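Here is a tutorial dialogue on how to read some features of a protein structure.

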There are 2 protein chains.
Amino acid sequence: MPLLVGFMYRVVSSTTHLLDFLEEPIPGVGTYDDFHTIDWVREKCKDRERHRKINAKKKESAWEFTKSLYDAWSGWLVVTLTGLASGALAGLIDISADWLNDIKEGVCLNAMWFNHEQCCWGSNETTFAERDKCPQWKSWAGLILGQEEGPGSYIMNYFMYIYWALSFALLAVLLVKVFAPYACGSGIPEIKTILSGFIIRGYLGKWTLLIKTVTLVLAVASGLSLGKEGPLVHVACCCGNIFSYLFPKYSKNEAKKREVLSAASAAGVSVAFGAPIGGVLFSLEEVSYYFPLKTLWRSFFAALVAAFVLRSINPFGNSRLVLFYVEYHTPWYLFELIPFILLGVFGGLWGAFFIKANIAWCRRRKSTRFGKYPVLEVIFVAAITAVVAFPNPYTRQNTSELIKELFTDCGPLESSQLCQYRSQMNGSKAFVDASPNKPAGSGVYTAMWQLCLALVFKIIMTIFTFGLKVPAGLFIPSMAIGAIAGRIVGIAVEQLAYYHHDWLVFREWCEVGTDCITPGLYAMVGAAACLGGVTRMTVSLVVIVFELTGGLEYIVPLMAAVMTSKWVGDAFGREGIYESHIRLNGYPFLDAKSEFTHTTLAREVMRPQRSDPPLAVLTQDDLTVEELQVIINETSYNGFPVIVSKESQRLVGFALRRDITIAIENARRKQEGILLTSRVYFTQHAPTLPADSPRPLKLRSILDMSPFTVTDHTPMEIVVDIFRKLGLRQCLVTHNGRLLGIITKKDILRHMAQLTNQDPDNIMFN
Amino acid sequence: MPLLVGFMYRVVSSTTHLLDFLEEPIPGVGTYDDFHTIDWVREKCKDRERHRKINAKKKESAWEFTKSLYDAWSGWLVVTLTGLASGALAGLIDISADWLNDIKEGVCLNAMWFNHEQCCWGSNETTFAERDKCPQWKSWAGLILGQEEGPGSYIMNYFMYIYWALSFALLAVLLVKVFAPYACGSGIPEIKTILSGFIIRGYLGKWTLLIKTVTLVLAVASGLSLGKEGPLVHVACCCGNIFSYLFPKYSKNEAKKREVLSAASAAGVSVAFGAPIGGVLFSLEEVSYYFPLKTLWRSFFAALVAAFVLRSINPFGNSRLVLFYVEYHTPWYLFELIPFILLGVFGGLWGAFFIKANIAWCRRRKSTRFGKYPVLEVIFVAAITAVVAFPNPYTRQNTSELIKELFTDCGPLESSQLCQYRSQMNGSKAFVDASPNKPAGSGVYTAMWQLCLALVFKIIMTIFTFGLKVPAGLFIPSMAIGAIAGRIVGIAVEQLAYYHHDWLVFREWCEVGTDCITPGLYAMVGAAACLGGVTRMTVSLVVIVFELTGGLEYIVPLMAAVMTSKWVGDAFGREGIYESHIRLNGYPFLDAKSEFTHTTLAREVMRPQRSDPPLAVLTQDDLTVEELQVIINETSYNGFPVIVSKESQRLVGFALRRDITIAIENARRKQEGILLTSRVYFTQHAPTLPADSPRPLKLRSILDMSPFTVTDHTPMEIVVDIFRKLGLRQCLVTHNGRLLGIITKKDILRHMAQLTNQDPDNIMFN
């Protein structure tokens with residue numbers, strides 16, 4: 001019996017296929033509205049179809065062959081272009097931010113466009129120790145008051161610092177508000193959502209790119225507690241999106257476009273840290289949703305191209321790829337794992353606290369009148385930051401430079417306050433001569449106090465800064481907090497080892513007079529732990545930091561800290577900051593990482609439930625155009641199951657609302673004789689109608705004849721798995737072959753919110 | 001109407017659920033036969049169920065809480081143990097192979113168990129240049145004939161070399177044949193298949209581990225053209241499998257066990273090359289099928305642990321993690337991309353040729369009588385290898401050492417023949433004094449000839465060696481071939497640059513008297529290209545080689561070569577050597593990498609087709625035990641769809657043959673009154689039966705009520721995607737809610753073989 005059906009059907013529908021193929025596609029069918037979710041399966045099928053067409057035509061002429069070659073290579077072309085553009089933009093941003101940052105303190109007399117360091121390069125009057133001071137570089141006090149020292153000039157400099165910081169912040173927030181509201185924030189939560197298949201038009205557009213690039217420079221220079229690393233990922237994704245418009249293969253297919261975006265985000269991290277492999281793993285672990293192996297390879301390529309462009313631009317002036325290049329000379333000892341794990345605990349606690357506090361603040365901003373004055377808020381935060389930051393040298397300086405200083409080990413050439421140890425030989429305060437651990441000098445004690453204050457300051461300000469309407473990354477502030485804490489712990493352990501070298505742990509490992517504790521390593525471990533606590537990244541974070549040092553040696557401390565930090569953080573809430581912001585914004589994001597552990601079945605989640613109106617279905621051959629339009633107008637569903645008849649409830653297929661509307665309009669415009677009373681049919685052949693009835697409307701071409709179905713008994717964990725892995729938008733629920741209901745991505749998200757006692761109405765979009 | 005059904009059903013089945021839960025599970029249900037495919041979805045559900053049970057019990061007592069903690073940590077514990085064991089075994093294998101390899105040439109007089117290098121360490125009579133010669137180390141000729149020089153001793157050494165090589169090979173093949181036939185080969189094709197969800201009992205067992213470890217040492221020492229890197233992955237996976245038996249979470253769940261195996265294979269590559277990150281990417285790119293992020297993190301951990309254990313054992317005596325540690329001091333120039341790409345072309349051609357030739361030879365071995373004498377074959381190949389290899393110093397030495405020598409740049413301390421350049425100053429043959437490019441001396445010319453011969457020899461022997469019944473890896477021979485070719489090209493370019501420094505390309509970049517070509521880099525690029533051509537690995541290969549050098553600098557040449565090699569290789573056939581061997585062995589492996597590009601629909605692939613007997617289905621409540629047994633005995637299917645009735649053909653669920661058999665046996669043994677005439681029912685409640693009928697048999701507990709279904713119109717590309725991503729074993733095909741047929745993994749593989757004009761009967765297992 002089933003055999004017979006199959007056979008009959010086969011004969012019939014091979015002609016179907018032919019007819020469908022000949023029918024012209026209706027323009028607009030298969031595109032998406034803003035704030036809707038794409039159907040990955042359909043997009044991928046569309047791409048394979050396009051590919052087959054090109055392949056079939058390939059042998060027709062040399063022109064078609066060239067086109068097919070171009071098509072095959074366009075993937076590489078677009079990632080190359082993206083890599084080039086990301087690298088170039090990153091270089092530009094680095095250089096401009098450096099320059100603007102120094103403008104807050106002074107100006108280069110012989111060349112306005114030089115930053116402090118470049119200004120003093122030309123000067124040959126400076127010794128190495130005073131390499132920051134040169135006559136060409138004038139502080140504002142020096143320029144306006146004519147004197148560099150004294151309380152008057154200090155106040156003048158303080159005032160100018162605040163003035164510039166406020167100006168930059170004001171300009172940044174105004175530009176964002178007026179020209180490109182999407183340019184604010186780090187962009188990573190939205191990119192994660194977009195990569196998971198959501199449409200946000202304009203989020204990766206050229207205006208966003210332009211304004212984000214400019215305002216990122218301004219925001220960084222304004223001295224706010226933010227970094228440029230997250231926004232660089234957004235900038236790179238904008239580049240990827242814009243270049244993908246050059247190639248129809250990517251511009252017309254939302255799934256393929258997301259492959260380019262995955263590669264672009266790898267390029268973004270690659271230029272942010274100079275860590276191409278880390279960038280690829282970041283894209284894989286943190287942001288991407290659909291990551292085929294081909295994308296892995298192209299991401300790697302894009303990341304490399306971007307890194308090499310950045311290196312050629314050489315914005316850090318050290319011809320290194322890496323933002324914080326460090327080399328340590330001493331190994332670490334097993335007992336040091338204890339402080340490293342403690343740093344991990346600190347990182348986890350900080351991450352959990354930051355996420356809770358920041359989300360609470362952002363929710364407050366969203367729900368109260370307070371959020372209506374974003375410009376005032378930015379000015380206010382910038383003013384407080386500038387006023388508090390200036391007196392403390394560790395908060396006044398650029399955060400990246402602070403991190404670099406904290407990471408760097410004290411060597412004979414290091415002149416910073418942090419390295420002012422008392423030399424053992426003569427007891428006087430002096431620069432270290434060799435490496436052994438030494439008692440801390442007064443400089444170190446001062447530095448410790450200032451670092452403690454800086455730590456508190458950074459912790460508070462970062463909570464209020466992330467979420468402002470300016471481009472704001474979280475990597476650098478988090479790393480700074482961790483690096484400060486790590487350096488403090490490192491110096492403490494070092495001094496402990498010096499004064500108590502008879503303790504068992506130290507006696508075992510640290511000989512007197514040899515160097516055994518590296519405070520810089522502690523800073524690095526702390527930075528990784530704090531970043532891990534906030535973002536809950538694991539492998540990619542370790543690899544990024546590994547690429548900074550280049551030594552496998554230090555992977556174990558890093559792993560210990562990052563793992564501890566993740567576990568401690570997870571104990572307070574499993575979501576990282578990006579997932580929390582996604583949830584705060586109500587984006588329909590189905591996280592691939594969090595496991596669905598409940599025992600609910602599909603029938604408990606599907607609509608309609610008991611209290612709902614019955615499921616809106618279409619029958620395959622007995623509706624009129626008018627009835628169809630009534631169904632469409634009276635409901636707001638995005639699609640409708642098509643069934644054989646109301647009695648049998650047997651499922652035929654699924655038709656999208658958007659496609660039906662477009663198809664009816666198109667038919668009215670083009671086909672003669674389509675009236676409100678015309679019969680609509682989804683079957684292969686028109687139903688037999690009375691002679692006087694108007695011409696029927698055939699909608700089979702917009703019918704999806706392979707809708708995904710599950711039975712009502714299917715555990716939700718399997719349903720969630722299917723949605724995640726196949727990237728579905730909806731799934732129909734059947735019982736013994738009869739249609740029962742429908743489950744959409746939104747239903748699943750709402751159900752998951754319910755199970756975790758959250759507000760299910762939080763999920764806003766479809 | 002559907003609402004009503006849903007509602008009614010709901011009330012009924014909430015009790016069902018309760019009842020099902022109370023029923024005791026039937027022992028044996030849910031396990032698999034040998035050479036069968038697992039059902040990933042079911043396994044994952046089972047694990048979540050187990051997890052929920054443990055979580056629910058957690059708060060009952062301290063003991064349960066401890067158990068839940070143990071369960072949560074067992075994943076980390078098992079990967080740690082696996083990493084430790086893999087590292088230790090790799091160290092053991094390295095040391096033993098080194099020692100056995102030197103036994104072929106001579107013996108250490110004062111300590112038999114020292115290899116050549118260790119033997120001469122203690123000696124203080126040797127100069128640096130003659131560090132290989134010391135009185136304690138006696139060649140066989142020296143020991144037996146009492147003289148080290150002269151034709152007699154050469155022949156004696158030759159003879160002893162062949163003798164030992166044959167002895168080792170014979171011992172290896174006998175051990176494999178008698179004790180563990182699964183220990184032969186590289187094991188990677190089988191591990192890929194196992195990770196994709198296939199069951200091969202004993203393949204990763206303790207006997208295989210023991211025999212593979214021992215015979216791997218023997219096979220490497222026998223001088224055959226094989227490496228130990230691939231088998232190390234097998235050894236690591238055996239460790240992972242064995243340790244997973246300590247933890248019920250992993251031993252009782254085939255899907256979870258495969259997570260451990262993924263981590264183990266990362267650890268294997270990590271110790272093979274000293275490249276932990278490369279190992280993780282290898283596991284991700286090449287071998288793994290289901291790779292959740294948790295596995296990524298644990299793989300990384302296992303790889304690191306294994307690498308550190310290996311480093312502590314320090315088998316290479318240089319306290320380096322890395323097998324071939326190299327440092328280059330000169331950058332590469334843009335024009336060098338041309339020879340690099342040429343090396344890529346060579347690698348691709350070699351890969352394609354090797355795959356075709358090796359598969360043809362293996363197929364011949366399988367199909368003719370020749371394959372019946374594996375021991376003779378090994379002896380024969382080993383004899384030829386030994387006879388031909390001895391006279392040429394580049395084939396006589398250990399292949400890893402050869403690669404190391406070829407990678408290493410000529411420096412002032414390098415005494416090898418390859419570095420005998422004529423010094424420019426006095427024109428005499430001398431060791432190089434500084435780095436500039438120089439004319440080649442006679443040593444280099446001799447070396448070039450010997451390398452050419454070695455290249456031909458390696459190419460021929462590798463084809464016949466891979467597939468022998470001894471453990472045999474392909475990485476090292478492939479890399480050796482590439483390194484030889486690369487070094488030859490490198491020296492050629494170098495000499496070209498020296499003699500034609502007025503050519504435009506060289507004038508631009510190479511100043512006279514400066515070093516501009518690094519032949520060692522060419523060797524490395526060639527090695528990567530050849531390995532890429534054979535395995536078609538991309539990112540992981542580049543990262544592995546990157547970890548050898550540690551410089552981002554050289555990633556671009558590597559990428560250019562590896563990409564070219566992959567494209568050239570793919571032009572001749574898209575399958576790598578491992579996929580080819582999988583297909584040769586007929587394993588049911590659905591490659592996640594190759595795209596399905598055809599336009600067939602599900603109904604063209606499903607069974608039954610027109611000429612087939614009708615689909616074997618069970619009805620939900622009108623079969624007797626006898627009828628059921630007849631159906632089971634008359635068919636060989638692994639499972640049967642259960643339908644409402646023959647008339648409606650509406651699908652209820654799916655029952656597995658194995659489960660039905662077990663359930664019937666179990667019921668006969670335990671339940672009274674189950675006769676051949678007993679009615680079998682899969683419904684919630686027993687059907688109403690006449691009063692005198694025997695007690696019915698309820699089989700609902702073994703019924704999968706959420707079988708996967710697709711419609712007959714679903715394009716096969718989507719079906720293949722579903723099978724791959726969800727790891728299905730079978731999928732039912734419906735049309736308008738009626739059951740039409742079934743598609744199994746085997747059907748898909750057969751269909752794919754048909755579409756590419758291969759023998760569909762090649763797919764052997766279910």
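## Reading the contacts

Q: How many salt bridges does the structure hold over all chains?
A: The model is a predicted one, and it holds 52 salt bridges over all chains. Side chains of opposite charge can pair when their charged atoms come close.

Q: Which residue forms a salt bridge with Asp659(A)?
A: The partner is Arg42(A), and the closest N and O atoms are 3.4 Å apart. This pair links distant parts of the chain: Asp659(A) lies in helix α27 (residues 657-670) of chain A and Arg42(A) in helix α2 (residues 40-57) of chain A, 617 residues apart.

Q: Is Asp659(A) buried or exposed?
A: Asp659(A) has a relative accessible area of 3%, so it is buried; buried means under 20%. Arg42(A), with 24%, is partly exposed.

Q: Where in chain B do Arg50(B) and Asp71(B) lie?
A: The side chains of these two residues meet in a salt bridge, 2.7 Å from N to O. Arg50(B) is in helix α2 (residues 40-57) of chain B, and Asp71(B) is in helix α3 (residues 62-103) of chain B, 21 residues apart; the pair links distant parts of the chain. Arg50(B) is partly exposed, at a relative accessible area of 22%, whereas Asp71(B) is buried, at 9%.

Q: What do the side chains of Arg583(B) and Glu575(B) meet in?
A: They meet in a salt bridge, with 2.7 Å from N to O. Arg583(B) counts as partly exposed at 28% relative accessibility, and Glu575(B) counts as partly exposed at 28%. Salt bridges can also share partners: in chain A, such bridges join Asp47(A), Arg50(A), Asp71(A), Lys256(A) and Glu259(A) into one network.

Q: How many aromatic pairs does the structure hold over all chains?
A: There are 50 aromatic pairs over all chains. A pair of aromatic rings is described by the distance of the centres and the angle of the planes.

Q: Why is the pair of Tyr163(B) and Trp164(B) called edge-to-face?
A: The ring centres of Tyr163(B) and Trp164(B) are 5.2 Å apart and the planes stand at 65°, so the pair is edge-to-face; the cut-off for this class is over 60 degrees. Tyr163(B) is partly exposed, with a relative accessible area of 42%.

Q: What are the distance and angle for the rings of Tyr498(B) and Tyr499(B)?
A: Their centres are 4.9 Å apart and their planes are at 80°, so this pair is edge-to-face. Tyr498(B) is partly exposed, with a relative accessible area of 22%, and Tyr499(B) is partly exposed, with 43%.

Q: Which residues do ring pairs link into a cluster?
A: The cluster consists of Trp73(A), Trp76(A), Trp297(A), Phe300(A), Phe301(A) and Trp567(B).

Q: What is the strand order of the open sheet in chain B?
A: Strands of a sheet pair through backbone hydrogen bonds, either parallel or antiparallel. The open sheet here has 3 strands in the order β4-β7-β8 (chain B), with mixed pairing. At its edges stand β4 (623-624) and β8 (697-698) of chain B, each with a single partner strand, so one side of each is left without a neighbour in the sheet.

Q: How many bridges join β4(B) to β7 of chain B?
A: 2 bridges join β4(B) to strand β7 (residues 679-681) of chain B, and the two strands run antiparallel. Thr624(B) stands opposite Arg679(B) in β7(B).

Q: Which residues form a nonpolar patch on the surface?
A: Val178(A), Phe179(A), Trp207(A), Leu210(A) and Val214(A) form the patch, with about 510 Å² of accessible area together. The elements that give two or more residues to it are α6 (151-179) and α8 (206-221) of chain A, and the largest share, 3 residues, comes from α8(A). Val178(A) is in helix α6 of chain A and is exposed, with a relative accessible area of 59%.

How values were computed
Residues are numbered from 1 along each chain as its sequence is written. Chains are lettered from A and ligands numbered from 1 in the order in which they are written. This is a predicted model: local features need pLDDT of at least 70, side-chain atom pairs count only at pLDDT 80 or more; totals for chains, interfaces and linings use all residues. Side-chain values use heavy atoms; hydrogens and water are left out. Patches are made of residues with over 30% relative accessible area and no salt bridge: like charges are joined within 9 Å, nonpolar side chains (Val, Leu, Ile, Met, Phe, Trp, Tyr) within 5 Å. Accessible areas come from the Shrake-Rupley method with a 1.4 Å probe; for residues, only the protein chains shown count as cover. A salt bridge is a side-chain nitrogen of Lys or Arg within 4 Å of a carboxyl oxygen of Asp or Glu. Helices (H or I, at least four residues) and strands (E, at least two) are DSSP runs, numbered from the N terminus. Buried means under 20% relative accessible area, exposed over 50%, partly exposed in between (1.4 Å probe, protein chains only). Rings of Phe, Tyr and Trp (its six-membered ring) pair if their centres lie within 6.5 Å; planes under 30 degrees apart count as stacked, over 60 as edge-to-face and the rest as tilted. Two strands pair if DSSP finds at least two bridges between them.
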